[in-house]
Amino acid sequence: VTPQRGLLRFVLGLGALLVGAELLARAFEPQLAAASDRTLFKLELLRRHAPTRRVLIGTSRFNDGLEGAPLQAFNLSVPSSSLALQRWELDRALKRQGLLMVVLEVSPPLLEGAAKPPAASDEPLALLRQRRGLALENLPRLAALPFAARFDGSEFFRTRWLKEWWAERQGIAPVAFQGEPTRVPGAQRFIDGEQVRALAAMAEKGRAHGLRTVFVAPPADADRRAEQCGGEFELFLKQLSLRGGEPVLDYSCLELPPDFFISNAHLSAKGRAWFTASLKEQLDAVQ
Amino acid sequence: MLFNSAPFAALLAATLVAYWSTRVLVVRLAALLVASFTFYAWRHWPSLFLLLATIGFNYVLGRLLESKRSGRLLAFGIAVNLSALGWFKYSAFVAANVQALLSTLGVAVSIPQPPAWLPLGISFFTFQVIAYLVDVYRGELKAERSLLVFAVFKSFFAQLVAGPIVRGRDMLPQLKEVQRFDAAAAHRGLFLLIAGLFLKSAVADVIGQFAQAAFAAPEQQSTLGAWLGLYAFSAQLLADFWGYSTMAIGAGLLFGLRLPKNFDTPYVSRRLQEFWRRWHITLGAWFRDYLYLPLGGNRRRALFNVFFVMAVAGLWHGAGWTFVLWGVLHGLWLVLERLFASKPTESRWRAAVERLLVFHGVALLWVLFNAKTLEIALRYYGRLLLPPWDFGGPVPEVLAIGLLGFALLHRGLDRLMEDGRFAAMPLKAQLLLCAGMLLLLLGYGGAKLDFIYFVF
């Protein structure tokens with residue numbers, strides 16, 4: 001091959017490669033978009049999933065702490081979520097048929113979170129618009145989409161350390177812990193607050209769609225408990241109970257065994273098994 | 001204008017069309033000059049006047065030096081060029097230190113605030129033109145007669161702001177010749193552009209985010225986190241600067257111009273001296289030819305010369321005590337190496353250990369290079385080397401894959417960049433490699449950070 005021919009073939013090949021990639025990206029743009037963002041990915045899984053009775057929307061506390069299937073729920077939670085993102089997810093989840101209940105996490109990290117809902121890109125090329133979907137760590141999501149029916153949403157984005165993975169492989173021993181969450185009573189007087197109003201509005205929106213909303217404050221380890229219990233957060237939950245008019249289940253002050261946690265806010269496989277079972281009882285009772 | 005931006009791609013394409021659509025040398029050079037000035041003025045147009053002034057001044061001085069070989073004239077020329085560099089790059093540093101010294105002595109003086117703007121690439125084009133003046137003075141190079149050729153030599157956009165530092169004797173003859181389109185060179189140039197962009201956007205910018213986070217809050221790092229941050233910065237710095245140089249060489253080849261190689265897998269060096277023959281090669285050669293050898297080289301005061309050159313190299317990299325200390329420590333290391341190091345042996349084990357030691361020594365000194373202040377550097381060293389040692393905690397997947405991938409593959413990529421290597425591969429392999437790099441570029445290359453060496 002002469003240098004001229006070699007260059008021509010390379011340039012043409014490169015051009016064809018780029019055009020082909022752009023055409024493919026356009027053909028599979030919704031899938032690429034889903035792969036590009038954790039929230040979009042979970043929503044796409046939910047869209048492809050068989051009808052589900054409940055959705056769980058929260059941060060990594062819900063994502064690590066709850067199995068979807070035993071709760072007859074789909075876990076839409078994503079790490080580092082925020083109130084704004086939770087509301088955005090709820091708006092999209094409400095369109096699902098067969099949905100009866102929305103379980104919303106209420107925790108200080110969620111209330112303080114700054115994550116924004118994913119914004120559509122205005123780049124002219126699909127390859128550029130959906131470029132994050134091509135990142136190596138995101139590509140497996142593309143492979144997961146055709147099998148959406150097998151997932152309940154809690155399989156992805158866990159703080160899964162090697163130890164936890166091994167523990168799950170070995171099977172979780174029956175958990176003897178008997179604690180129950182507090183059903184938070186309404187506050188004696190109403191103090192208006194932006195976050196309370198936002199959560200109450202979500203409950204209202206759920207009611208308009210014929211859904212029951214349950215607010216859940218997830219468990220926390222000893223350090224977080226010391227910060228939260230009896231403080232502003234507890235007051236906040238009481239306000240929410242009064243204003244939202246829906247059940248508020250508080251697990252955050254429960255003294256769970258230390259081996260229920262893999263970090264100060266994230267439940268271990270053992271903790272997850274217990275929290276899921278306990279919440280199932282509570283939700284069944286509410287419904 | 002950044003190499004990793006759409007305006008640069010448009011400028012490069014337009015200049016290539018203008019350049020190759022004519023065989024008239026003046027028109028070609030004019031196209032290169034317009035492109036170079038556009039490139040330089042894009043970020044901060046007033047800097048263009050500085051560039052124009054140095055072109056005019058050094059062009060005239062070169063002609064004068066040729067007709068009258070005067071040491072004083074050369075000294076004057078070097079002084080004027082270094083004054084511009086000193087004013088823009090070092091005046092704030094000097095002023096701050098003088099002020100601090102005076103206030104320590106109880107003298108209350110308010111020193112006027114020097115300029116906040118550092119013209120891009122001033123360290124590079126100053127060194128390039130000093131080399132030109134010295135070569136003309138020594139009679140090793142004829143002063144350039146054509147102002148247009150000289151202006152393009154002084155401002156060629158591919159290497160203007162971060163090197164490679166080209167020599168007049170290599171570059172001027174190429175510019176004065178009507179280049180014929182060389183398909184093999186263009187083929188390699190295209191690959192180098194893609195590879196350089198990949199190194200910058202898909203490696204340096206991605207890994208660099210972890211380094212940035214680690215250096216922003218050293219005290220919050222575990223021992224493992226601090227070491228990962230250091231490895232990340234070491235990889236980022238190499239990928240960033242190597243990526244820029246690679247793109248510069250690639251862009252040059254598209255115009256039929258050959259720029260010198262600037263990196264040769266420096267992290268596999270077995271001696272620090274070898275490291276400096278592989279890292280920023282054109283700067284090392286500049287210091288050797290225009291400072292080390294004039295000081296006496298190996299013939300007299302060799303150890304002092306090595307030490308002094310490295311201290312100056314430290315200061316060249318930045319106006320700050322961290323850079324000075326970085327250079328001084330490199331100088332000390334080189335001196336000790338000359339005094340005590342035995343000759344490298346053939347033993348593979350020993351070679352591996354030496355490489356590991358030299359890499360970690362260089363990496364540890366990068367802390368000074370990256371830390372904004374000595375205090376931050378000391379805090380970072382504390383987390384690296386002092387208790388409490390904590391090697392637990394998660395390792396981000398992207399960082400682990402990025403570091404491992406870069407460590408394992410960068411030598412192979414370097415070999416592929418050699419003349420003719422890439423084009424000799426089957427077309428399918430060429431496209432597969434480019435597809436892989438483009439995939440990573442698209443997936444990760446959104447940060448569009450400045451090249452680190454732009455500010456030197």
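A contact here means heavy atoms within 4.5 Å. With that in hand, look at Phe236(A): leaving aside residues up to four places away in sequence, this side chain touches Val106(A), Leu111(A), Gln195(A), Val196(A) and Leu199(A).

Some ground rules. This is a predicted model, where local features need pLDDT of at least 70, side-chain atom pairs count only at pLDDT 80 or more, and totals for chains, interfaces and linings use all residues. Residues are numbered from 1 along each chain as its sequence is written, chains are lettered from A and ligands numbered from 1 in the order in which they are written, and side-chain values use heavy atoms, with hydrogens and water left out.

Back to Phe236(A). Phe236(A) has 12% relative accessibility, so it counts as buried. The cut-offs are under 20% relative accessible area for buried, over 50% for exposed, and partly exposed in between, with a 1.4 Å probe and protein chains only. Asp91(A) sits 145 residues from Phe236(A) along the chain, and their C-alpha atoms are separated by 23 Å.

Over all chains the count is one. The partners are Cys229(A) and Cys253(A), with an S to S distance of 2.1 Å. The torsion about their S-S bond is about -125°, so the bridge is left-handed. Cys229(A) lies in the loop between helix H11 (222–228) and H12, while Cys253(A) lies in the loop between strand S6 (248–250) and helix H13 (269–286), so the pair ties together parts that are 24 residues apart in sequence. Cys229(A) is partly exposed at 25% relative accessible area, and Cys253(A) is partly exposed too, at 28%. Over in chain B, Cys434(B) is buried, with a relative accessible area of 0%.

Here are the two chains by their totals.

| Property | Chain A | Chain B |
|---|---|---|
| Secondary structure | 13 helices, six strands | 18 helices, zero strands |
| C-alpha extent along principal axes | about 85 × 45 × 35 Å | roughly 70 × 65 × 45 Å |
| Buried residues | 48% of 287 residues | 55% of 456 residues |
| Accessible surface | about 13800 Å² | about 20000 Å² |
| Carbon and sulfur part of that surface | 56% | 68% |

The areas come from the Shrake-Rupley method with a 1.4 Å probe; for residues, only the protein chains shown count as cover.

For chain B, a compact globule of 456 residues would have a radius of gyration near 23 Å, and the chain has 23 Å, which agrees. That radius is taken over C-alpha atoms, and the globule rule is 2.2 Å times the number of residues to the power 0.38.

On charges, Lys and Arg count as positive and Asp and Glu as negative, with His and the chain ends not counted. Each charge is placed at NZ of Lys, CZ of Arg, CG of Asp or CD of Glu. Chain A has 37 positive and 32 negative side chains, with the centres of the two sets 7 Å apart. In chain B, the 41 positive and 23 negative charges have mean positions 6 Å apart.

Finally, Val60(B) lies in helix H3 of chain B, residues 47–67, and is partly exposed at 46% relative accessible area. Its C-alpha atom is 9.6 Å from that of Arg145(B), which is 85 residues away along the chain.

Conventions: Helices (H or I, at least four residues) and strands (E, at least two) are DSSP runs, numbered from the N terminus. A disulfide is a pair of cysteine sulfur atoms within 2.5 Å.
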